[in-house]
Amino acid sequence: MEGLFLRVTAVSLACSAVMLPVLLLSRRLCHRYAAHTCYYLWLLLALRLVLPFQLTVPEPVVTVRPPSYEVSVKLPPSSQSGAAAVPEVPVQSGAQVRPAAALESERRVPVTQILAAAWTAGMAAFLLWQGSAYVLLRRSLLRRAKAADEWENAVLRRQQRELELRRPVELRRAAGVSSPMVLGLLRPVVLLPERAVEEDALEMVLRHELVHLRRWDVAYKALLLLANAVHWFNPLVWWMVREGGRNLELCCDDEVVRGKDGQFRRRYGEVLLRTAAAGRASAAG
């Protein structure tokens, strides 16, 4: 575990040299091409962060090494040169005498071993916290969710056909949801707020969530979360995860409006602003 911790630390430092300049410029690079570039850059960095293995070149078949001139000499304990004589101390009957080497090894604990234990505990706590929070949230929302109306399911199926998304998707309405969201990777469920939504706005909202599913953005977020768990001690990784989620939404919005006219783009922008405002109002309340 100590060696793995050292490799993780080395990879974290190496990736930080790439992350820092991109993160500092990410807020200024707001156009869609920069968002797509950062999307794939975060993906590559996350893969490297969760795979902290050294890429070594195979050793050659024939290697030439200089001859070794080391000589090892074993000296008996009583004939060590320069060692002071240790006086004999009477030992009471029943007392246990432990060697000095054992006492010295117990007193010395490597710092890397302590850091490796702290890293392992932090990673386990992070995964337990995130995993339990997701399971409890999913169970709570699905328990209170109701089946969507027939016309809403018809809109969902129509959007699935347009996007050529053949995965089964379930549509529900939940009381504790302020904005549309997707739960699950293998069995996805789209949750809608309980408030009424116009049909054209519902088409755009469902198209946005289905594009997330077609792009496998849930798996993308899971990868970023895993990288954050492994490198929880690096603040740049936390920043990268936050920026990765922002770039993910920008790329999804760009794909939703791709090939659409100006009226659709304006209406879609209004729906996004209204959904964001409703989410902020719900959080404030």
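Predicted model: local features only at pLDDT ≥ 70, side-chain atom pairs only at ≥ 80, totals over all residues.
Author: Residues are numbered from 1 along each chain as its sequence is written, and side-chain values use heavy atoms, with hydrogens and water left out.

Reader: Why is Arg267 called buried?

Author: Buried means under 20% relative accessible area, exposed over 50%, and partly exposed in between (1.4 Å probe, protein chains only). Arg267 has a relative accessible area of 16%, and is therefore buried. Arg267 lies in helix H9, residues 262-284; helices (H or I, at least four residues) and strands (E, at least two) are DSSP runs, numbered from the N terminus.

Reader: Which residues does Arg267 touch, leaving out those up to four places away in sequence?

Author: They are Glu198, Asp200, Ala201, Met204 and Arg274. Contact means heavy atoms within 4.5 Å.

Reader: Is Ser26 buried or exposed, and how do you know?

Author: Ser26 has 1% relative accessibility and therefore counts as buried. Ser26 is placed in helix H1. Apart from neighbours within four places in sequence, Ser26 is in contact with Glu243 and Arg246. The C-alpha atoms of Ser26 and Glu243 are separated by 7.9 Å, although these residues are 217 apart along the chain.

Reader: What makes the nonpolar surface patch, and what is its area?

Author: Leu20, Leu24 and Leu25 make this patch of about 270 Å². Patches are made of residues with over 30% relative accessible area and no salt bridge; like charges are joined within 9 Å, and nonpolar side chains (Val, Leu, Ile, Met, Phe, Trp, Tyr) within 5 Å. The areas come from the Shrake-Rupley method with a 1.4 Å probe, and for residues only the protein chains shown count as cover. Leu20, in helix H1 (residues 2-26), has a relative accessible area of 38% and is therefore partly exposed.

Reader: Why is the contact of Glu194 and Lys146 called a salt bridge?

Author: A salt bridge is a side-chain nitrogen of Lys or Arg within 4 Å of a carboxyl oxygen of Asp or Glu. The N to O distance for Glu194 and Lys146 is 3.9 Å, so the pair qualifies. This pair links distant parts of the chain, 48 residues apart: Glu194 is in the loop between strand E4 (189-192) and helix H6 (199-214), and Lys146 is in strand E1 (residues 146-147). Glu194 is partly exposed, with a relative accessible area of 46%.

Reader: How many salt bridges does this rule give?

Author: The count comes to twelve. Arg158 and Glu203 form a salt bridge, with their closest N and O atoms 2.7 Å apart. Arg158 lies in helix H5 (residues 150-163) and Glu203 in helix H6, so this pair ties together parts 45 residues apart in sequence. Arg158 is partly exposed at 27% relative accessible area, and Glu203 is partly exposed at 24%.

Arg207 and Glu162 also form a salt bridge, their closest N and O atoms being 3.0 Å apart. This pair links helix H6, which holds Arg207, with helix H5, which holds Glu162, across 45 residues. Arg207 counts as buried at 10% relative accessibility, whereas Glu162 counts as partly exposed at 46%.

Reader: Why is the pair of Trp232 and Phe233 called edge-to-face?

Author: The planes of Trp232 and Phe233 make an angle of 85° and the centres are 6.1 Å apart, so the pair is edge-to-face. Trp232 counts as partly exposed at 29% relative accessibility, as does Phe233 at 32%.

Conventions. Phe/Tyr/Trp six-rings, centres within 6.5 Å; stacked < 30°, edge-to-face > 60°.
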